[in-house]
Amino acid sequence: MAAHLVRRCCRRLLLLPAPPAPPPGPALRTCPPRWAEGPQARPREDGAEQQLRELIQGASNPQELLQVSRGPALSSNLAALAIARLARLACEQHLDTESIRGDPRFQRLLSTVDAQISQVWNGPLVQLLRSLPALGLVRGGRQARSVEQEVLWRLRRLPLRQLVHLAEHLAGQGPDGLLLPEVLRKLELRWTELEGTRTVVTLMAKVGHLSPTLMERLEDKALELAEQFDPDELRRVVLALALQQRRCVPLLRALSYHLLQKPAELPLPVLTDLLFAYSKLSFQQPQVLHRLSLELQPHLGTLSPAQVSRCARSFASLRWLSRPLAEAIAQYSLDNAQKLSITQLCGILVSFARLNFQPSSSEEFFSMVHEQLQGQEQQLDTHLLTDVVWSLCVLQQARPPHLRQVLSPEFQACLQGDTSPRAQSSWLKLLHINATARLEAPGYQGPFLPPKVLGGDRDRDRDKDKDREKATPLQRGLREALLGALGGPDLVRHDVSTVYGWDIDAEAVLDSDNKPLPVRDFTAPHLPHSEGTKPLPPGARRVAVLRWEFPQFSSRGRELLGRGSMARRHLRAAGFLLAEVPHYEFLELKLERQRVAYLKDKVAKALASDTAGDVATDTAT
């Protein structure tokens with residue numbers, strides 16, 4: 001090796017003649033020629049070849065290109081260019097590719113390329129590979145396989161720009177074949193060479209889902225280039241993350257920051273796609289959501305019913321309530337009631353219920369909803385109908401016919417035996433609907449859910465250890481503080497699952513002097529199986545401790561969402577005094593004695609409010 005290096009240096013420094021070239025004649029090539037590595041080393045074209053190239057580039061119809069096959073100066077490189085140009089014209093002019101493939105002149109072009117494919121430059125070779133499918137040549141055919149093999153040999157020498165074009169084309173063809181994995185592997189190794197936002201965005205949108213490793217590298221590169229993205233590129237990057245379910249928080253935060261720095265008003269497609277992507281990823285960024293809702297509102301009238309319904313569902317998924325926008329959606333629904341499909345209207349209704357939003361034109365809006373739903377219930381699937389009636393219960397707009405339909409034995413039979421998460425959610429919502437029928441619908445006579453349904457599926461004794469492992473910080477802290485605040489296990493019942501579908505963290509019974517009584521000695525109509533038989537003494541009251549976690553509040557403030565609001569109503573109607581423990585108050589207290597004092601104060605306030613209510617009632621009578 002040292003002698004070879006010395007000889008090479010001497011040849012360069014002393015201008016020694018190079019070793020003689022091999023004699024002319026056919027020779028076996030095992031790799032592409034060195035001049036094919038890049039445009040800087042291409043051989044010169046003579047005048048005839050240059051003229052032929054200009055003819056190919058300026059051709060406006062297939063006949064001009066096919067005549068090129070008879071030119072004496074035709075090389076394999078020019079033939080590849082002619083085929084690529086022919087494919088482009090076929091796509092632009094919607095030509096019959098079968099007649100082109102059967103033309104002898106086209107076959108002559110293919111033969112010229114196939115005979116000297118190693119002489120084709122890199123750029124035309126990649127164009128040729130992308131053009132063959134457009135002309136109807138099957139991927140497994142001899143010509144296509146020959147081109148793919150040549151590209152495979154040259155992958156290491158291809159410029160990064162051509163690798164990107166190649167990956168984009170192959171990703172659209174499907175994951176089959178040996179070439180695409182090799183292209184992805186090269187991109188994984190050369191990702192640091194990526195320059196320009198367009199290349200990164202294209203790879204993330206079209207190729208990233210095929211290689212998690214490459215997608216991680218692209219996320220790093222996108223984080224580096226985040227400031228340079230224009231709004232449409234930001235949209236495409238966030239949409240690619242959402243469609244691939246990649247919740248890359250650092251990148252999402254950077255994109256959100258730079259999105260807020262864009263002074264101009266965002267285009268409507270950017271607004272709707274960003275909203276969809278953020279909801280898909282459950283990524284809440286208050287400033288971005290505020291801007292999206294603010295800029296989306298003036299365009300609401302130009303959106304289709306499907307887009308409006310999707311926007312409503314996205315905001316509900318993000319727990320973001322913009323009252324002006326929600327009012328505009330309600331008005332849009334009234335103005336376009338005949339254009340909204342029943343499914344789209346249900347999506348808007350469920351979104352309002354999740355956010356606990358009552359439109360200002362509530363009577364008019366819900367009259368329209370009931371009118372559109374009348375006679376259409378049979379078109380809804382079991383789960384969607386359950387969601388709709390549950391939403392009406394949340395918004396206190398349910399009517400007896402709706403309750404009867406979903407509480408009937410025939411409807412329950414549709415959910416029997418289904419153990420999917422969606423079915424379990426529907427069963428829980430049926431418990432809430434049943435509670436609404438018993439506690440908030442005085443004129444309703446039945447049917448109701450049978451007792452076996454109310455208690456059998458909600459027995460948590462066997463899962464208590466598992467629940468403790470998954471307990472939240474608020475839940476763990478509350479369990480520890482409850483012992484000091486309400487007393488021992490005989491005086492408090494923990495983790496209560498009621499027949500109304502709501503869970504209570506702790507339940508206690510206090511006498512008229514506010515002293516705790518043994519809770520298990522008394523009847524408990526809110527339990528599927530009561531442990532005690534004694535009725536409550538005169539003046540005794542049940543107190544329920546409820547914790548409110550972060551996801552149960554709106555993202556904009558401290559307003560309970562629809563689910564929590566209905567739980568509060570049901571438990572109060574069932575005779576409980578509520579000591580509510582929101583996360584933003586309890587978790588601020590770090591010491592155990594502070595938390596115990598806080599719980600005692602909450603119980604005392606609940607008792608005081610009940611006493612004040614009784615006094616006000618007596619005064620009124």
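Me: What should I know before I start?

Reply: This model is predicted, so local features need pLDDT of at least 70 and side-chain atom pairs count only at pLDDT 80 or more, while totals for chains, interfaces and linings use all residues. Residues are numbered from 1 along each chain as its sequence is written, and side-chain values use heavy atoms, with hydrogens and water left out.

Me: How many helices and strands does the chain have?

Reply: Helices (H or I, at least four residues) and strands (E, at least two) are DSSP runs, numbered from the N terminus. Here the chain has 30 helices and five strands.

Me: Is Cys346 buried or exposed?

Reply: Buried means under 20% relative accessible area, exposed over 50%, and partly exposed in between (1.4 Å probe, protein chains only). Cys346 is buried, at 1%, and Cys393 is buried with a relative accessible area of 1%. Of the 621 residues in the chain, 48% are buried.

Me: How many disulfides are there?

Reply: A disulfide is a pair of cysteine sulfur atoms within 2.5 Å. By this rule, the count is zero.

Me: What share of the contacts join residues at least 24 apart?

Reply: Contact means heavy atoms within 4.5 Å. Among contacts in the chain between residues at least 6 apart in sequence, the share joining residues at least 24 apart is 73%.
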